[in-house]
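This briefing covers the pockets of one predicted model. Which residues line them, and which helices do those residues come from?

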Amino acid sequence: MELINHLMNAQQIWNARIENETEFGVWQINDWNNISDINYENYTKTLKIIREKSLENVIEYQNSKGQKFTNKIEDVLFHIINHSTYHRAQIATDIKNCGIEPINTDYIFYKRKIEE
């Protein structure tokens, strides 16, 4: 539960930094009934950013410790993808260690399935 929430929170946080909006807490636990909605909102917000912003734009933000940084939007979006992959692998490993075969979480497999 902690990792799936962290995964959702992190994407929301980075999107919010790009859009200058209110951020979730890094480790906040969301109501399980809202996880699907958070995932959808994250996805649509990221697509909006890709469509409407120049990926070369630099954003200024503070991390969760209050330190100030600047990065290009393209680098932030790349970070979101890598961060998500890392934690999805952790979740899959945890599930496998519990004796359950994890689902395939590769995005392209998901897209193929929903487009059938």
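Four nonpolar, four polar and one charged residues make up the lining of the second largest pocket in this predicted model. The space in that pocket comes to about 180 Å³. The largest pocket, with a volume of about 1,600 Å³, is lined by 42 residues.

**Second largest pocket**

- The lining consists of H6, A10, I13, W14, R17, V26, S64, H79 and H83.
- Two helices, α1 and α3, each contribute at least two residues to the lining of this pocket.
- The largest share comes from α1, which provides five residues of the lining of the second largest pocket.

**Largest pocket: position and helices**

- Among the lining residues of the largest pocket, M8, N39, S84, R88 and T105 lie nearest its centre.
- The elements giving two or more residues to this lining are α1 (2–19), α2 (35–52), α3 (73–97) and α4 (107–114).
- In the largest pocket the largest share of the lining belongs to α3, with eleven residues.

**Largest pocket: residue classes**

- By class, 25 residues of the lining of the largest pocket are nonpolar.
- The remainder of that lining is made up of ten polar and seven charged residues.

- Helix α1 gives two or more residues to the lining of the largest pocket and supplies the largest share of the lining of the second largest pocket.
- Helix α3 supplies the largest share of the lining of the largest pocket and at least two residues of the lining of the second largest pocket.

Notes: Residues are numbered from 1 along each chain as its sequence is written. This is a predicted model: local features need pLDDT of at least 70, side-chain atom pairs count only at pLDDT 80 or more; totals for chains, interfaces and linings use all residues. Side-chain values use heavy atoms; hydrogens and water are left out. On a 1 Å grid over the protein atoms alone, a cavity is a set of points where a 1.4 Å probe fits but cannot get out, and a pocket is an open set with protein on both sides within 12 Å along at least five of seven lines; lining residues have an atom within 4 Å of a point. Grid points are joined across faces, edges and corners, and a volume is the space filled by probe spheres set on the points. Helices (H or I, at least four residues) and strands (E, at least two) are DSSP runs, numbered from the N terminus. Ala, Val, Leu, Ile, Met, Phe, Trp, Tyr, Cys and Pro count as nonpolar, Asp, Glu, Lys and Arg as charged, and the others, Gly among them, as polar.
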